[in-house]
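Please read this briefing with the sequence and the structure side by side. The points are grouped by topic, with confidence taken up at the start.

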Amino acid sequence: MLEQEATVRNKLGIHARPSALLVQRASGFASAITLIRDDLEVNGKSIMGVMMLAAEAGANIRVRTEGPDEEVALKEMVGAIQSEFD
Amino acid sequence: MTTEDTTESGMQTYRGIQAGPGIASGRVFIHNPSDLGLDYRRLADADVEPEIDRFRDALAAVRVDLQAIQEEVRSKLGGDHAQIFEALAMMLDDPSVIDPTETTVRERKVNVEYAFWQTLQQLRRRFDAIDNEYILARKADILDIETRVLSKLGRRVESGFAQLADKAVVVAHDLTPSDIVQIDRKRVLGIITEVGGSTSHAAIIARGLEIPAVVGVESAMSAIDPSDRVILDGHRGLVYVNPDAETTSRYEREASQHRENREGLTSIRDLPAETLDGHRVSVQANIELPEEAESSLAYGAEGIGLYRTEYLYLTSSWLPTEDEQFAAYEGLAKRMSPHSLVIRTLDLGGDKLSYVLNTMPEMNPFMGWRAIRLSLAHRGLFRAQLRAILRASAHGNVKVMFPMISSLEELREAKAVLQEARNELKSVGVDFDPDCPVGAMIEVPSAALVADELAEEVDFFSIGTNDLVQYTLAVDRGNEKVAYLFDPLHPAVLRLIRMVVEAGHRHNIPVTLCGEMAADPCAGVLLLGMGVDGFSTSPMKLPEVKRLIRSFSLSDAQAIAETALSKKTRQEVRKTLLESLPASVRDALPEGGVSPASEEDAHLSLEAVVARESV
């Protein structure tokens, strides 16, 4: 199991479109992907879950990956959260 | 917000937020959308896997439907808007939707409709715990998915209103746009909801349809039984459950007085808005919903002076399509024809569109990214609205108006986008009125100060008094500590209005005034004397405005205006005006004259409330 912090960079936060992109990316990995904000833990492959994070610009999200491709999954998910989503 | 009080007779009183005017009394109808005969069945072991297959087939069928909608939106509005449906479609693949549903079916051996509903209920509860406007908007998405999937599973999805046979006061947790569409005014006496403020769907609808309503009555669903009778006071935001004899008779008296007053005014409805010396002005209605066309005409409106289009954007969890907008505008234009219909383009703060733009609340929304500024920043969205308006112009007497113009550059930019919309329609051979008049809303002091320059480039002005007053006087009338300063009769406001009227007339364009200021008898006579060409107010106020106009000659009004405009303080202005009113008008005033703050506050326009709530 791996964990790393990521900061939302997109100035509009993780709204509908970024949520969809994050979930699509997470769904491509075999590993379980959990996103954690404060005390809220959600499944990174769940659009409802990611929306529930309601993450605005500057929010810190802890990414946890566990499974056969956890290393590459962690790297990609952290990168995705910190990208500008354009 | 709710306070509860029980008297000896067993009457209970609840306090909420007044949302629709009027008083309603009668039996109740509890509207419970999640309790629509959703069946609960235990499954035999052999039926469990076929039940799961049934669920997956339903999801696949909804996926196909959503793809079709997405394609349609993409072709009409472009890819950005279509992506909203992608998020909706992704809910169908969501493990937090599918897994718990299937687990429930397998482990508890219950039918999938029940398991699916229960899963979504749990999600809704988690969403409820998050205080974020964007999340609240997502709940509409859940409902949408729920309805689509359940209907594929063969459940007849119908509104709970189908069971509403007799006249009743509807009690609901909240009302969705689809509920609202199905409201039958003949059967709904009033509305009580547990959630919502003055901009909730229920409140907007209630005001528009003049249905008495109280929203934000937190425990209404559990406190009110189907066998109860209620009195709902939409003016004061009160709900009486099982009212005692004294309360009942008090409200009966009030209701009959209200009726008499209205009947007196309706006799004036069909008379022209003409002064004693034969000067005609136009009286038109401000509306939020196309359905208000009927009541506008019933109150004697000679057109719609302000159609606020925000409602279309607030009712769904995604943007209205061009076709949806066109359908609303076209129907209204046809209904009002040959009278004119002024359609104001979107006048919202960005925070209200957070479900699409995901904007953040602003420190100072009134001065912020809103109205025309927002439209100019989202050209695709703006052009879609303008195309819908232009298309409607082929079917009636349609005019387009830009809100919150603050400079000539902004007006020119907006007109350039309008031209692009015209070119787009022309290139695909769609009909529209090439001479569809273009107007500017004058509600920012800077616009009033450059009114001469603006007048050269538009076909009409409409002065929005609510915003003009608050921007000029730097007063948020929602703030109790300073609300007393909010006064349309402040000499500074009057001088700005005079500048706008004079500039308009120098360039031969009509100047109308939108807002409840016109319904204040003091202000009405003054504005008439200042040369305002037309008044637009909420439909219910139109008979009063007409009565006022018909009790003056233009020359008298001009003399009164001249005196009032020479005054130095707002108190002196008001005193001059009050003294000038004929006894018949003065007697009809509430005791102590019209208090500006309370009078205006009772009729907060949608945009004012929207901006205020987002602070």
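Chain A has a mean pLDDT of 89, pLDDT being the predictor's confidence in each residue on a scale from 0 to 100, and 97% of the residues of chain A reach 70 or more. This is a predicted model, in which local features need pLDDT of at least 70 and side-chain atom pairs count only at pLDDT 80 or more, while totals for chains, interfaces and linings use all residues. Residues are numbered from 1 along each chain as its sequence is written, and chains are lettered from A and ligands numbered from 1 in the order in which they are written.

**Confidence in chain A**
- Where pLDDT is low, the predicted coordinates should not be read in detail.

**Helix 3 of chain B**
- Helix 3 of chain B (residues 95-108) has 14 residues and reaches 19 Å from its first C-alpha to its last, close to the 20 Å expected at 1.5 Å a residue, where the expected span is 1.5 Å times one less than the number of residues.
- Its buried residues are S96(B), V97(B), T101(B) and V105(B); they cover an arc of only 150 degrees around the axis, which puts them on the same side of helix 3 of chain B.
- The face of helix 3 of chain B turned away from the buried side carries the exposed residues T103(B) and E107(B); a residue is buried if 20 or more other C-beta atoms, placed from the backbone, lie within 10 Å of its own, exposed if 12 or fewer, and partly exposed in between.
- Just after helix 3 of chain B, K109(B) takes a positive phi of about 50 degrees.

**Strand 15 of chain B**
- Five of the five residues of strand 15 of chain B (residues 460-464) are buried, so this strand is largely enclosed by the rest of the structure.
- F460(B), S462(B) and G464(B) are buried on one side of strand 15 of chain B, and F461(B) and I463(B) on the other.
- Strand 15 of chain B pairs in the parallel sense over four bridges with strand 14 (residues 438-442) of chain B, and I442(B) stands opposite I463(B); strands pair if DSSP finds at least two bridges between them.
- Strand 16 (residues 511-514) of chain B also pairs with strand 15 of chain B in the parallel sense over four bridges, with C514(B) as the bridge partner of G464(B).

Definitions and conventions:
Helices (H or I, at least four residues) and strands (E, at least two) are DSSP runs, numbered from the N terminus. The arc is that of the directions from the helix axis to the C-beta atoms.
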